[in-house]
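Reader: I have the sequence and the coordinates open. Can we go through the packing and the backbone, one point at a time?

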Amino acid sequence: MKWFVILCLGLLFQQSQAEPLVMYTEHFPPYSYEQDQHVTGLNAEIVRRTCEVALLKCDFQLMPWLRALETAQRTPNSGLFSTARNALREKQFQWVGPIVHASANMYWLASRRDAPPQDLEEAKKYVVAVARGDVYEIYLQNQGFEVGVNLIQFNSKADAVLPFLHGKVDLLIASDLILPVWLEQHQQTLSAVTAIIDLSTIGNNYLALHPQMPIATVERLQAALDQLKANGEYGALEKQFLVIPSPSSR
């Protein structure tokens with residue numbers, strides 16, 4: 001009887017939802033990408049199943065990161081993923097997670113003959129690629145880096161890979177999960193790069209929800225995500241997507 005009551009309350013909640021929540025994300029395989037006019041990927045499917053378990057209607061839209069960030073910030077019934085949660089962003093959103101993330105580093109071309117920087121202070125002597133509006137751009141600016149001096153902006157993280165491989169950018173920021181996908185798209189492997197500066201403390205990935213999102217909705221989503229982790233579905237999705245190097249090879 002208890003579970004029947006909970007189910008009925010959930011159905012009533014779903015029926016009362018005036019309009020779908022909009023979940024914004026970027027092209028960022030294997031976390032999120034478009035395939036057959038459908039937004040999919042590891043974290044996209046985790047968020048989708050989280051919505052389904054929470055009995056919430058959610059639509060998914062893929063767009064460049066800065067546009068996705070700005071749209072989510074001005075749309076009350078929206079969320080944004082995969083979003084690094086840290087002190088710089090803590091009050092800008094409500095948070096559900098964590099979702100899948102990986103350790104991030106600054107990378108250096110292994111073929112270079114000069115010695116790489118050993119810390120962020122030394123890295124200021126070089127040019128670092130960042131995506132506009134990305135958490136690493138904000139973090140590095142707070143560490144004294146400047147756009148046009150030692151930061152060069154790209155529309156997306158992946159756009160920086162080819163200039164980096166051609167030596168036009170000194171340092172690339174990537175996670176150990178996403179970098180093999182990027183390199184494979186340019187017929188390269190991890191042997192082409194060297195991880196030199198650990199950036200993993202900047203923040204783990206979350207679903208970021210608009211500050212005006214009702215707290216009941218936030219709690220339903222967090223409870224649903226926790227359920228996916230407890231029943232093994234979260235882990236099954238990790239295995240499904242992480243054994244495939246890139247969507248293009250499917």
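Reader: In which loop does Q187 lie, and is Q187 buried or exposed?
Author: This is a predicted model. Q187 sits in the loop between helix 7 (179-185) and strand 11 (193-198). Its phi is near 55 degrees, a positive value in a residue other than glycine. Residues count as exposed over 50% relative accessible area, and Q187, at 68% relative accessibility, is therefore exposed.

Reader: What is the phi of Q37, which is not a glycine?
Author: Q37 belongs to the loop between strand 2 (33-35) and strand 3 (38-40). At 78% relative accessibility, Q37 is exposed. Most residues other than glycine have a negative phi. Q37 is not a glycine, yet its phi is positive, at about 60 degrees.

Reader: What is the relative accessible area of T25?
Author: T25 is in strand 1. Leaving aside neighbours within four places in sequence, T25 is in contact with S32, V39, Q61, L62, M63, A68, F81 and S82. Buried means under 20% relative accessible area, so T25 counts as buried, with a value of 0%.

Reader: How far apart are the C-alpha atoms of T25 and Y136?
Author: T25 and Y136 are 111 residues apart along the chain. The separation of their C-alpha atoms is 17 Å.

Reader: Which strands are included in what covers the buried residues of helix 3?
Author: The buried residues of helix 3 (residues 65-74) are W65, A68, L69, T71 and A72. A72 is touched by S78, a residue of strand 5 that is itself buried, with a relative accessible area of 1%. The cover of helix 3 includes strand 1 (21-25) and strand 5 (78-85).

Reader: Which residues have the most contacts inside the largest nonpolar core?
Author: In soluble globular proteins, nonpolar side chains tend to be buried together. The largest nonpolar core here has 48 residues, and those with the most contacts inside it are M23 and L221.

Reader: How many residues are in the other core, which has L120, V128, Y136 and F145 among its members?
Author: This core lies apart from the largest one. L120, V128, Y136 and F145 are among its residues, and its size is 20 residues.

Reader: Is helix 2 roughly parallel, antiparallel or perpendicular to helix 8?
Author: Helix 2 and helix 8 (residues 215-231) pack at about 115 degrees, with their axes 8 Å apart. Angles of 65 to 115 degrees count as roughly perpendicular, so helix 2 is, relative to helix 8, roughly perpendicular.

Reader: By class, which residues make up the contact of helix 2 with helix 8?
Author: Helix 2 contributes I46, R49, T50, C51 and V53, and helix 8 contributes L221, A224, L225, Q227 and L228. The classes are seven nonpolar, two polar and one charged.

Reader: How is helix 2 oriented relative to helix 9?
Author: Helix 2 (residues 42-53) and helix 9 (residues 233-242) have axes 9 Å apart, at an angle of about 155 degrees. Angles over 145 count as roughly antiparallel, so the orientation of helix 2 to helix 9 is roughly antiparallel.

Notes
Residues numbered from 1 in each chain as written. Predicted model: local features only at pLDDT ≥ 70, side-chain atom pairs only at ≥ 80, totals over all residues. Heavy atoms only, no water. Axes fitted to C-alpha atoms, helices over the stretch in contact; angles between N-to-C directions. Helix = DSSP H or I, 4+ residues; strand = E, 2+ residues; numbered from the N terminus. Parallel < 35°, antiparallel > 145°, perpendicular 65-115°, else oblique. Buried < 20%, exposed > 50% of the residue type's maximum accessible area, 1.4 Å probe, protein only. Contact = heavy atoms within 4.5 Å. Core = buried A, V, L, I, M, F, W, Y, C linked by side-chain atoms within 4.5 Å. Nonpolar A, V, L, I, M, F, W, Y, C, P; charged D, E, K, R; others polar.
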